[in-house]
Amino acid sequence: MKLPSSQFTKDQEKFRLEVRSFLQKELANRTFETACDSWLSGCNPQFSKKIAEQGWIGLTWPQKYGGQERSAIDRYILTEEFLAIGAPVAAHWIADRQTGPLLLRYGTEEQRSYFLPRITNAECFFAIGLSEPNSGSDLASVSTNAKKVEGGWLVNGAKTWTSNAHDAHFMITLVRTAPYSKESKHSGLSQMIIDLHDKGVSVKPIKYLTGEHHFNEVFFEDVFVPDNRIVGTIGEGWKQGLAELAYERSGPERILSTFPLLEEIYSILKQQQNKEAMNRLTELVAKLWSLRNLSLGVAKMLEQGGEVAVPAALVKAMGTQFEQSIPEMVRLLTETYPTMDAQKMLDRYMAQSILHSPGFTIRGGTTEILYGIIAKDVING
Amino acid sequence: MSEIKELLVKTMEKIFKKHITKETVDLIDEGQWADDVWEILKENGLLAACISEKAGGAGGDLEDLFSLLKIGGKYAVPIPLMEYIFSNYILEKFHLAPTDEMITYNLSDTPNCTLSENGEVSGAFPHVAWGRYASNLVTIAKGSGGNYLVKVPLKDALVKEGANLAGEPRDYIKLTAIPILEKSRIIDYEQIEEMILLETAAKCAVIAGTLEKIYESTIEYTKQRQQFGRYIHRFQLIQHHIAQLAGETVIVDSAVDNMMEALVEKRHRHEIPLTRIRIEEAIRTVSASAHQVHGAIGVTYEHNLHHYTRRLWSYRDEGRGHLKWSQKLSRDLLQSNNSMWEFLTTY
């Protein structure tokens, strides 16, 4: 596993500063408030609209679909600037990260020209429907099924832990289009675009442990999905979905979910001129620096078209454990009393980090599943 | 990778693969060294790889040097590879003549060695690598008006043999009014820091190689060893060790590559300390995990794992390590006007 090292061009550095100064201005204008884990829990459609106006949704996509045809590294820079400042980008995050690339790879021309410009305008948000009440880590066992009918498919079943389904317009849904068999459990799965406002779809909130609402359960009762809302090939849903995983797992959001807390403790330790605590903080800085190099290495390899499933799994496994460790270290460096509505930023970020962090190592593939993927590849490779 | 580097790396790997056996590596614990391998490396010009052609070397650069050191770390050959290559590298950097005699170094930001007006050095050094084999020592001596890099002959030095945890020679050396062979111009604090940075970086390359070897041989072991009627890599708990070993190895490899690139672009002031600090976690995780996976055989001389883990436990406390680098880095962070994010994203 050899990954390229990370450097940026002058233009990329310029772009970073452009994004940063935009976000700092918006923060100063109180368009948003910095928060930890904002990329998944900070859903703010108005803010997404502002991002769209900058041309920053679908940054890498073809211009004819509303994109800017910028590089994957530019997108990397953009997303890490969002994360570093803790901006609420959850509304458009999934569509930008996953739906767009999926449709560009497997979608029909009609799907691309219908959905992509709407996504880049922040008019259309997506959710992903994978997990089910009885299919968590064993994703291939999903049982939401679709039966062929005239002109389309009839979908029945339920998805769960669906982030932001209540704010999203559509969901890329993994469904079973052929019966489950133990021998070939990965075949017979297909991806469909389901309109979350269609007849037969109901979205029910699941309260997250912070008391907030971003998880949902989504039920389908004889939901009709027309043929033109099938993504790619019937029966190829598993393979198509796998292709997106490297993007999903290797991005800076697997490292930086609690970064605002790290930034805040740094500022406090500087004010205190606290040598001893700063000495200890360097360990976190070194971890972050090395993880970021790894994640950037994967981004570069993805751009060059290399095989990155395993390094991406490594980024996610190690990066999310790092994000999780930040509040644990911070509380040993200075006194804090975490509450969600604390006036002190440190206390608030601590609360957000502590309460959101158990999810980091679960969502997008549990650490245990990732370790299995990595180990099997290492043994066979 | 440059073509030269690729060739150097290939040649060295070929030599090591051909000539290094378990017995070769074991020599270190018998108080011997692999002088035959040393001669082969010398004949093939590999020891002069990072000396300029002008000075009689092969004209490589720092990247070449680090690549060779990494392989050295990987094979744990009982030879003073880093000591020799690095000593010559800094000699040339400070316009002193490289040598093909055996040479080692001792660097400190608070020199414990003085240089008299008539060019004699006196001082003592507690753990000089391969000191007993070396004909020369490169070190920093405090003289009139400032510090100098000096090359000192060791034939009249007092040498008391010692060893690190891995059994590698780390000898006490006492110099009493020894006439030096050569000295540099006065060197300032910044230049000494730069030397220590480079030394740290070189050691990181050696450690990266050692980590890689432990990782590879542990994977191999899980494919050979059977328990409960199955190869042990089939057990999930072993797979978790494997994944963690892979993660630490890849992250160190990537850190060292990024560090090298930063060095080439001369923006390494923080990259080297960050790499060095991160590497300690890898040493902890990898050595613990590898031993756990190997079980009892790994803690014996029946298996060669111990050569590598003992080296890691030695190297982390040689030169400037985590503790000192953290203090340095934290001093910079305390004085900085940048945010943490600016610190991480400004090159």
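Across the interface of domain 1 of chain A and domain 3 of chain A, the rule picks out nine residue pairs in polar contact (both at pLDDT 80 or more), a polar contact being a pair of N or O atoms within 3.5 Å; within protein, one must be able to donate a hydrogen and the other to accept it, and residues adjacent in sequence count only if both atoms are side-chain atoms. This is a predicted model, with local features needing pLDDT of at least 70 and side-chain atom pairs counted only at pLDDT 80 or more, while totals for chains, interfaces and linings use all residues. Residues are numbered from 1 along each chain as its sequence is written, chains are lettered from A and ligands numbered from 1 in the order in which they are written, and side-chain values use heavy atoms, with hydrogens and water left out.

The largest share, seven residues, comes from α4(A). Sorted by class, this side has 10 nonpolar, five polar and five charged residues, where Ala, Val, Leu, Ile, Met, Phe, Trp, Tyr, Cys and Pro count as nonpolar, Asp, Glu, Lys and Arg as charged, and the others, Gly among them, as polar. The same interface holds three salt bridges, each a side-chain nitrogen of Lys or Arg within 4 Å of a carboxyl oxygen of Asp or Glu. A:R97 pairs with A:E253 in a salt bridge, with 2.6 Å between the closest N and O atoms.

Now for the chain A layout. Chain A splits into domain 1 (10-124), domain 2 (128-235) and domain 3 (251-380), with bounds from an automatic or database domain assignment. The C-alpha centres of domain 1 of chain A and domain 3 of chain A sit 22 Å apart, and their contact (heavy atoms within 4.5 Å) draws on 20 residues from domain 1 and 22 residues from domain 3. About 1,800 Å² is buried between these two domains, 60% of it from carbon and sulfur atoms; buried area is the accessible area (1.4 Å probe) that two parts lose on being put together, summed over both. A:C36, A:D37 and A:Y76 supply 35% of what domain 1 of chain A buries here, more than any other three residues. Chain A as a whole has 12 helices and eight strands.

Chain B has its own three-part division: domain 1 (1-79), domain 2 (101-187) and domain 3 (190-345). The C-alpha centres of domain 1 of chain B and domain 3 of chain B are 21 Å apart, and the contact takes 15 residues from domain 1 and 25 residues from domain 3. These two domains bury about 1,700 Å² between them, with carbon and sulfur atoms giving 63%. B:F66, B:K70 and B:K74 account for 40% of the area that domain 1 of chain B buries against domain 3 of chain B, more than any other three residues. B:K70 also forms a salt bridge with B:E212, the closest N and O atoms being 3.4 Å apart. Five salt bridges and 10 residue pairs in polar contact (both at pLDDT 80 or more) turn up across this chain B interface. On its domain 1 side, α4(B) gives the most, with eight residues.

Note on methods
Helices (H or I, at least four residues) and strands (E, at least two) are DSSP runs, numbered from the N terminus.
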